[in-house]
Amino acid sequence: SAALKFEIVAKCSTTKARASILTLPHGPVSLPIFQPVATQASLKGLTPTQLAETGCNLCLNNTYHLGLKPGQETLEKVGGAHALQGWKGNILTDSGGFQMVSLLKLAKVTEEGVRFLSPHDGTPMLLTPEHSISLQNTIGSDIIMQLDDVIATTSPDAERMEEAMERSIRWLDRCIAAHKRPEKQNLFCIIQGGLDLEMRKVCCKEMAKRDTPGIAIGGLSGGEDKMSYCQVVSACTDLLPPNKPRYVMGVGYPEDLIVSIALGADMFDCVWPTRTARFGNAVTSTGTLNLRHASFANDTGPIDADCACTCCRPEEEGGLGITRAYIYHVASKETAGAHLLTMHNVHYLLSLMGKVRAAITEDRYPEFLRAYFRRAYGDMARVPTWALTALKEVGVDLLA
Amino acid sequence: MAALHNHSSLRQSSHPLLFVLQKSSTREDEPRFGRLSFQNRVPMDTPHYVAVSSRGVVPHLSQDMMRENTNIRAMYTALEDSSSTHSAIPIVTSLGFGMLEYTNYVEAIQKLRPDVVLGMGDVLFGHKPGVKRIDKMGDRTLVWVKELADGMKDEENGTPRPALFAPILPIEAEQQSYYLDALQGELVDSVDGLVLYDTASIDAIPKTLRHLPRLSLGEMNSPHKLLDAIALGIDIFTISFITETTDAGIALGFSFPAIKDTDLDTPLPLGVDMWSPTHATSLSPLRSDCLCYTCTNHHQAFLQHLLNAKEMLGWVLLQLHNHHIVDNFFAGVRQCIQNGSFEDERTSFEKTYTAELPEKTGQGPRVRGYQYKSEKSEQRKNPPAYRSLDDRKEKLAEAALPSPSADANDLEQQGFAEKAE
Ligand SMILES: [Zn+2]
Ligand SMILES: [Zn+2]
């Protein structure tokens with residue numbers, strides 16, 4: 001499409017992993033990629049300069065939040081979300097649908113859209129696929145998402161699940177029709193169907209026909225077991241056209257990312273790494289460390305010895321040389337402590353993605369996976385069953 | 001009590017810092033231009049301020065932002081004080097209230113190795129000491145300052161001792177004459193500067209100690225008060241109004257010398273309340289002539305949005321701008337002292353700007369002040385291994401409801417949704 005170019009650079013000869021370059025209106029993004037979530041046009045106290053220094057060139061804003069504050073009228077006057085926040089990189093916005101359904105009073109999904117009562121006077125209100133797209137057109141994000149009908153994957157109501165899947169296809173058609181700036185913004189469809197692989201297949205086929213510039217696998221990461229999660233991702237990537245980026249929404253744990261990449265996914269987003277920083281948690285190559293634990297009070301080592309982020313880099317190399325003891329001292333007490341850990345966590349995940357891309361490009365992704373899990377778990381027998389199973393199905397037997 | 005960490009080189013044999021006054025004062029009350037030099041540090045020209053820190057952090061500013069986007073040269077870290085017993089003063093620490101024994105203070109200083117240590121003064125805050133108390137103030141302070149001076153002699157090879165700033169008590173010179181004699185006598189080689197709790201105490205400084213740098217811990221809640229104190233010869237200030245205005249959502253907006261506007265009918269405000277919805281769509285910087293990080297990268301509309309959305313970045317951007325304004329204010333003050341225009345410019349500043357900072361209208365940072373509530377339970381060292389992820393739950397925890405006052409018309413006008421039949 002006019003606003004997007006997708007080139008596959010390398011394919012893993014064992015797994016379904018791919019390394020690619022996604023060129024968007026605000027510059028190229030190397031995939032696979034993790035996208036940090038700057039919910040309300042700001043990432044947890046980081047300036048756009050600091051965000052760019054983590055290596056980020058594609059972050060998320062939330063349509064629901066920007067629709068409330070500052071609102072479409074202001075966004076229009078300011079000239080969209082890039083101009084609002086002074087961000088020169090790319091932005092992806094979600095449709096905001098599930099927040100509305102979950103948070104708004106008596107919100108109910110009908111064929112027209114999401115109905116709810118205004119918080120102040122109870123006036124019935126309606127948010128439609130056309131609305132969501134109009135808002136996202138004003139926001140001006142480089143990737144926009146269709147409004148979908150999301151049901152918790154753990155829901156036992158198969159009939160409602162099917163209705164939601166089919167409605168999401170119809171809403172995609174309405175979103176495509178309502179989209180006013182296809183030459184500047186890329187609309188991604190969202191595959192639904194819960195944990196039912198047959199339903200997912202139907203949805204993949206129908207949506208692929210609509211030929212959107214990119215495809216998201218939605219409805220996951222809502223607390224379902226990881227075995228089912230992997231089956232859904234793998235079933236979808238088998239059916240999706242290879243020449244389009246595949247975005248799995250709401251995924252962010254490092255091992256979920258690297259397994260999903262082996263299953264053929266390219267893009268991820270998650271609030272966990274930035275949210276957890278607020279509670280003093282540092283994502284590291286040996287797992288997540290809670291630096292508020294007293295054992296770190298006198299630990300003068302860096303947050304992660306292998307990390308090259310602004311915090312972890314020694315002062316001689318232009319970094320801040322921040323120690324674990326320092327984070328222990330300020331974490332959850334000073335907002336600046338959270339800023340430092342946020343920088344580290346985002347940088348950590350982006351640098352992990354960089355290592356993944358290098359491994360795929362050099363066709364040694366299976367070796368990368370082995371080394372990663374050995375480091376994280378010591379003994380491969382301690383690697384969770386879901387990861388062992390999922391990787392074995394794409395040709396990597398960690399126990400062999 | 002407090003210690004000063006100089007951020008940013010020279011050293012005499014016995015004193016860890018060198019303070020050179022460019023203009024040798026001929027009168028008692030005269031503004032002074034000086035240069036304070038520490039070993040291995042970038043010198044700091046005075047008058048200047050030291051940024052008030054909390055746990056070694058200037059509120060809201062991560063170290064990279066401070067390093068790259070401010071001119072902060074020194075930080076003030078408080079162990080805090082208020083009233084006292086014979087050997088200790090009550091303090092507020094990150095662990096709660098406790099009594100700080102002066103021996104503990106000496107130990108802490110030996111470990112922390114700040115560039116400047118402020119001697120503990122037996123000072124009452126908020127009310128005037130009685131006659132009996134006044135008698136003891138000088139005696140106690142003398143014991144404490146001696147103890148601190150002795151404690152710091154005990155340095156390891158090669159590391160310079162921290163510079164010691166001794167208090168001048170906020171009482172008459174005669175009432176502390178025994179103590180002041182000691183500062184000029186047995187303590188003369190140990191004392192590198194003076195701390196004043198009250199600008200008026202400047203009169204109590206003995207002639208032989210007038211060459212020492214003077215740090216004010218007094219309440220300076222406006223630039224006018226700073227100028228008054230500078231006029232009397234104070235060199236260094238701790239200023240709490242910078243973080244206070246930031247937390248109030250106010251962007252400072254004054255300069256020294258003041259802008260010359262002959263058409264000025266009413267005095268200009270010292271700052272602008274960024275909570276005001278009038279900034280919601282303004283694409284102008286916080287101040288058109290400001291070259292700070294915030295003003296060169298962002299506009300008022302973004303600041304408004306961040307404050308409204310209670311995003312931490314709002315406080316960061318305001319803090320950067322407000323420190324920049326105060327940095328420039330002091331640079332202007334120093335220049336005017338050097339070229340002899342300080343008094344004229346001070347008068348013109350008084351006329352140009354209102355006396356008080358604007359009233360606070362919005363809410364401050366989410367939790368009172370810039371600090372999070374301490375969650376007391378000790379966290380597990382390693383959180384449980386990656387569970388099944390519920391990103392939707394986490395996203396909802398981050399999400400806010402529309403404000404209860406937002407009616408259907410507002411939501412429709414904002415473009416959030418439309419009214420349904
Ligand atoms: Zn790091
Ligand atoms: Zn500025």
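Which residue stands opposite B:E418 in strand 16 of chain B? The answer is A:L126. Before going on, note that this is a predicted model, and every value I quote is computed from it.

Strand 9 of chain A, residues 124–127, pairs with strand 16 of chain B. The sense is antiparallel, and the pairing runs over two bridges.

Now the interface as a whole. Chain A puts 102 residues into the contact, and chain B puts in 75 residues. The size of an interface is often given as the accessible area lost when the parts come together. For chain B and chain A the buried area is about 7800 Å². Carbon and sulfur atoms give 57% of that area.

On specific pairs, there are 19 residue pairs in polar contact between chain B and chain A, counting those with both residues at pLDDT 80 or more. How many salt bridges does the rule find across this interface? It finds one. The partners are B:E394 and A:R275, and their closest N and O atoms are 3.5 Å apart.

Which elements of chain B give two or more residues to the side that touches chain A? There are helices 1 (63–69), 7 (293–297), 8 (300–308), 9 (312–339), 11 (391–398) and 12 (408–414), together with strand 16 (418–419). Helix 11 of chain B gives the most, with seven residues. Sorted by class, the side of chain B that touches chain A holds 32 nonpolar, 21 polar and 22 charged residues.

Next, chain A by itself. Chain A has 15 helices and 16 strands. Its C-alpha trace spans about 60 × 50 × 40 Å along the principal axes. The radius of gyration of chain A is 21 Å, and this agrees with a compact globule, because a globule of 400 residues would have a value near 21 Å.

A few backbone details in both chains. The peptide bond from A:L31 to A:P32 is cis, with omega near 0°. Where is A:P32? A:P32 sits in the loop between strand 3 (27–31) and strand 4 (33–36) of chain A. In chain B, a cis peptide bond joins B:F256 and B:P257, with omega about -5°. B:P257 belongs to the loop between strand 14 (250–252) and strand 15 (271–273) of chain B.

Back in chain A, A:A41 is not a glycine, yet its phi is positive, about 70°. A:A41 is in the loop that runs between strand 4 and helix 1 (48–53) of chain A.

Last, salt bridges over all chains: the count comes to 31. One of them joins the side chains of A:R324 and A:D299, at 3.2 Å from N to O. This pair links distant parts of the chain, 25 residues apart. A:R324 is in helix 12 of chain A, residues 324–330, while A:D299 is in the loop between strand 16 (287–290) and helix 12 of chain A.

That is the end of my part.

Note on methods
Residues numbered from 1 in each chain as written. Chains lettered and ligands numbered in written order. Heavy atoms only, no water. Contact = heavy atoms within 4.5 Å. Buried area = accessible area lost by both parts, 1.4 Å probe. Salt bridge = Lys/Arg side-chain N within 4 Å of Asp/Glu carboxyl O. Polar contact = N/O pair within 3.5 Å; in protein donor to acceptor, adjacent residues only side chain to side chain. Helix = DSSP H or I, 4+ residues; strand = E, 2+ residues; numbered from the N terminus. Nonpolar A, V, L, I, M, F, W, Y, C, P; charged D, E, K, R; others polar. Pairing = 2+ DSSP bridges. Rg over C-alpha atoms; globule rule 2.2 N^0.38 Å.
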